[in-house]
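Keep the sequence and the model side by side as you read.

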Amino acid sequence: MTDYQDHALSAIMAAKPLYMKSASLSEQVYALLKELILERKIPGSSEMSESRLSEELQVSRTPMREALVRLAGENLLERRGARSYAVRSVDIKEYLDTMGLREILEAEAVSKAFGRISNETLTALIAELQLLIESDQEEHLYWRFDEKLHDTLAEASGNIVLAQVLRRLRVNVRLFRLHSPLHRQQENHIEHLDLLNAMLAGDKDKSLESIRKHITNLKNDVLSSL
């Protein structure tokens with residue numbers, strides 16, 4: 001077994017208590033593996049064998065296969081064989097292409113969400129964000145809030161397809177970050193706060209400027225490290 005497989009299985013075994021939940025086995029396996037991948041507990045490019053995972057988690061092949069196929073459908077995994085998958089790698093070109101598209105679509109989401117998202121929701125997001133800014137949070141807490149914020153705005157746009165596309169684009173960013181750690185958590189928090197405050201103040205032009213600046217800064221942060 002490779003070192004990657006060792007790391008993957010160790011992470012999965014450590015999380016086994018999650019399986020006391022009432023959801024279906026397939027849903028549990030899917031949720032667990034997705035969390036472990038996106039929170040870097042399974043290294044990028046790690047190989048995952050359907051049979052070995054089923055054995056370690058003590059679940060049948062069917063729910064395991066369903067979970068792995070679902071993750072592959074979301075571009076988190078790629079096939080390496082008939083019953084083997086690996087965490088998908090995203091190279092710099094795909095990352096930059098993704099960010100270019102995000103700059104357009106995130107602005108569209110904010111534009112359409114403007115006036116549709118309640119002040120109560122914006123205020124709650126601001127309060128949660130301020131707590132993160134004031135604390136020395138772990139990276140996974142940053143990503144959880146980032147997902148929550150961008151999902152909330154995309155869903156408030158009222159365009160279901162737009163929300164789905166943006167969610168898939170953010171998966172690409174997370175996969176790229178498996179090999180490229182995020183260095184600007186506090187900066188991103190401040191940019192998120194500027195966006196939310198602009199929306200709460202009813203300033204649409206500043207809101208659009210804020211989201212475009214945020215995406216551009218994320219892209220430039222990566223380019224400066226090359």
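H7 and H9 pass each other in a left-handed crossing. The model is a predicted one. The axes of H7 and H9 come within 11 Å and cross at roughly 25°. H7 and H9 are therefore roughly parallel to each other. On the H7 side, the contact uses Glu139, Tyr142, Phe145, Asp146, Leu149, His150 and Leu153. H9 answers with Gln185, Asn188, His189, His192, Leu195, Leu196 and Met199. By class, this contact holds seven nonpolar, five polar and two charged residues.

H9 also meets H6. Helix H6 covers residues 119-134 and helix H9 covers residues 185-200. Their axes come within 10 Å and cross at roughly 160°. H6 and H9 are therefore roughly antiparallel to each other. The crossing of H6 with H9 is left-handed. From H6, the contact takes in Asn119, Leu122, Thr123, Leu125, Ile126, Leu129, Gln130, Leu132 and Ile133. From H9, the partners are Gln186, His189, Ile190, His192, Leu193, Leu196, Asn197, Met199 and Leu200. The contact of H6 with H9 has 11 nonpolar, seven polar and no charged residues.

H7 has a further partner in H5. Helix H5 spans residues 92-113 and helix H7 spans residues 139-156. The two axes come within 7 Å and cross at roughly 60°. That angle makes H5 oblique to H7. H5 passes H7 in a left-handed crossing. Arg102, Glu106, Ala109, Val110, Lys112 and Ala113 are the H5 residues in this contact. They meet His150, Leu153, Ala154 and Ala156 of H7. The contact of H5 with H7 counts six nonpolar, one polar and three charged residues.

| Helix pair | Axes come within | Crossing angle |
|---|---|---|
| H5 and H7 | 7 Å | roughly 60° |
| H6 and H9 | 10 Å | roughly 160° |
| H7 and H9 | 11 Å | roughly 25° |

Now for the empty space. Rolling a probe the size of a water molecule over the atoms shows where such space is left.

The largest pocket holds about 280 Å³ of space. Which residues line the largest pocket? They are Ala31, Lys34, Glu35, Leu38, Glu39, His140, Trp143, Arg144, Glu147, Arg167, Val171 and Arg174. Helix H2 (25-38), H7 and helix H8 (160-177) each give two or more residues to this lining. The lining of the largest pocket divides into four nonpolar, one polar and seven charged residues.

How many cavities of 30 Å³ or more does a search of the whole structure find? It finds two. The largest cavity contains about 80 Å³ of space. It is lined by 11 residues, and the closest to its centre are Arg102, Tyr142, Trp143, Val173 and Leu218. H5, H7 and H8 each give two or more residues to the lining of the largest cavity. H8 supplies the largest share, four residues. By class, the lining of the largest cavity has six nonpolar, no polar and five charged residues.

Some residues turn up in more than one place. Trp143 lines the largest pocket, and Trp143 is also among the residues closest to the centre of the largest cavity. Arg102 is in the contact of H5 with H7 and is likewise among those closest to the cavity centre. Tyr142 meets H9 from H7, and Tyr142 is another residue of that central group.

Terms used. Residues numbered from 1 in each chain as written. Predicted model: local features only at pLDDT ≥ 70, side-chain atom pairs only at ≥ 80, totals over all residues. Heavy atoms only, no water. Axes fitted to C-alpha atoms, helices over the stretch in contact; angles between N-to-C directions. Parallel < 35°, antiparallel > 145°, perpendicular 65-115°, else oblique. Left-handed = near helix turned anticlockwise from the far one by under 90°. Contact = heavy atoms within 4.5 Å. Nonpolar A, V, L, I, M, F, W, Y, C, P; charged D, E, K, R; others polar. 1 Å grid on protein atoms, 1.4 Å probe; cavity = no way out; pocket = protein on both sides within 12 Å on 5 of 7 lines; lining within 4 Å. Points joined across faces, edges and corners; volume = space filled by probe spheres on them.
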